[in-house]
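Please read them beside the structure.

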Amino acid sequence: MADLKFKLSSYPLKLRRPFTTSKQSASEKDTLFARFGQGIGEGSPSLHYGAPPAELIPLTQELLDQHTSLRGAQQIEPFLANLPGYLAAARCGMEMAYLDHVAQEQGVPLYDYLHLEPPSDMLSSITITQGTEDELKQQVETYHQFGTFKLKVGFDGDLAMIESILNLKEARLRLDANGGWDVNETIERMKSLSGYPIEFVEQPVNEPTLRELDKIKTKVECTLLLDEAIKSAEDIERFHPVCDGVSLKLAKCGGIKETLRLAEAARERGLQLLLGCMVESSVGISAACHISSLFDYLDLDSILLIENDPAWGAHFDGEHLILPEGPGLGLVREETTLA
């Protein structure tokens, strides 16, 4: 391992249709790939969680250039753990590549290396974003095999969209506002949706306070999960009295080990766990599958939303994810140009 170094590259993932949330819409998303020996990792950057995509690799490479003599786990793991929070996506990609390499060297799947249960029954939701009636119909028909839809809400007309979806197909719903509602809008929406097949509402309010979330929980019956508000164990400690669960993502948390640490902290507080994803490829989704046994809900659908996946590993059979057998991440093939 003495001569191995991290190599970073950016790769544009093209979306099959524009991905629209209450905050933005995009048809392409740059993701970061890292290599370490025979390992590969991915960290999908987000404006919500650190350095902008264009700055992520230069800032990370500058630190790597200052640590050219990293040798073995005793130096590599502390280096990764001490990277600043604004480089969380880069840390995720590099740690994933390192763990993939080490697990492959030992000839074991990543979940085995991490002493986790083998993933099984990986049932995921699929994301439906706003659009015209014809566009909504096309999305529902495309993903007809799914029984759980994650609906991006938080905009004018979102209640009408929910009605349209349910008129097209009976399904369980997960509502993700991405902070697009205020407190009163959340209460009004959830009252209007009383009796609908809604599993939970995710991050209804942007940068919520304890008082705001307590008001929501007092006024309406709903299962409330937090995503953007949860970036650390301190956030879990702060918000656990006024929410029911948290959404964790490898890139947001800064890697596999930190995600596991936050999952443990949330469990200790009796919270439900959703394992989500950014717009990312089979590399990142495969890694997420390896830790999926710890989670109550999975939202790992991005490999169906992109059209130029440069790798093949975890894949869908109906609404279930399948992880190929093999050491490390279990990737079956990948483009050698990723890093």
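1. Buried means under 20% relative accessible area, exposed over 50%, partly exposed in between (1.4 Å probe, protein chains only). Helices (H or I, at least four residues) and strands (E, at least two) are DSSP runs, numbered from the N terminus.

2. This is a predicted model: local features need pLDDT of at least 70, side-chain atom pairs count only at pLDDT 80 or more, and totals for chains, interfaces and linings use all residues. Residues are numbered from 1 along each chain as its sequence is written, and side-chain values use heavy atoms, with hydrogens and water left out.

3. β10 pairs in the parallel sense with strand β9 (residues 224-226) over two bridges. Pairing requires at least two DSSP bridges between the strands. Leu226 stands opposite Val246. β10 also pairs in the parallel sense with strand β11 (residues 272-275), over four bridges. There, Gln272 is the bridge partner of Gly245.

4. β9, helix α9 (residues 233-239) and β10 form a right-handed β-α-β unit. Right-handed means that, with the strands pointing away from the viewer, the path from the first strand over the helix to the second runs clockwise.

5. Helix α5 (residues 133-142) buries Leu136, Gln139 and Val140. Its buried residues fall within an arc of 95° seen down the axis, so they line one face of the helix. The arc is taken from the directions from the helix axis to the C-beta atoms. These buried residues pack against β1 (6-20), β5 (126-128), β6 (148-152) and α6 (158-168), contact meaning heavy atoms within 4.5 Å.
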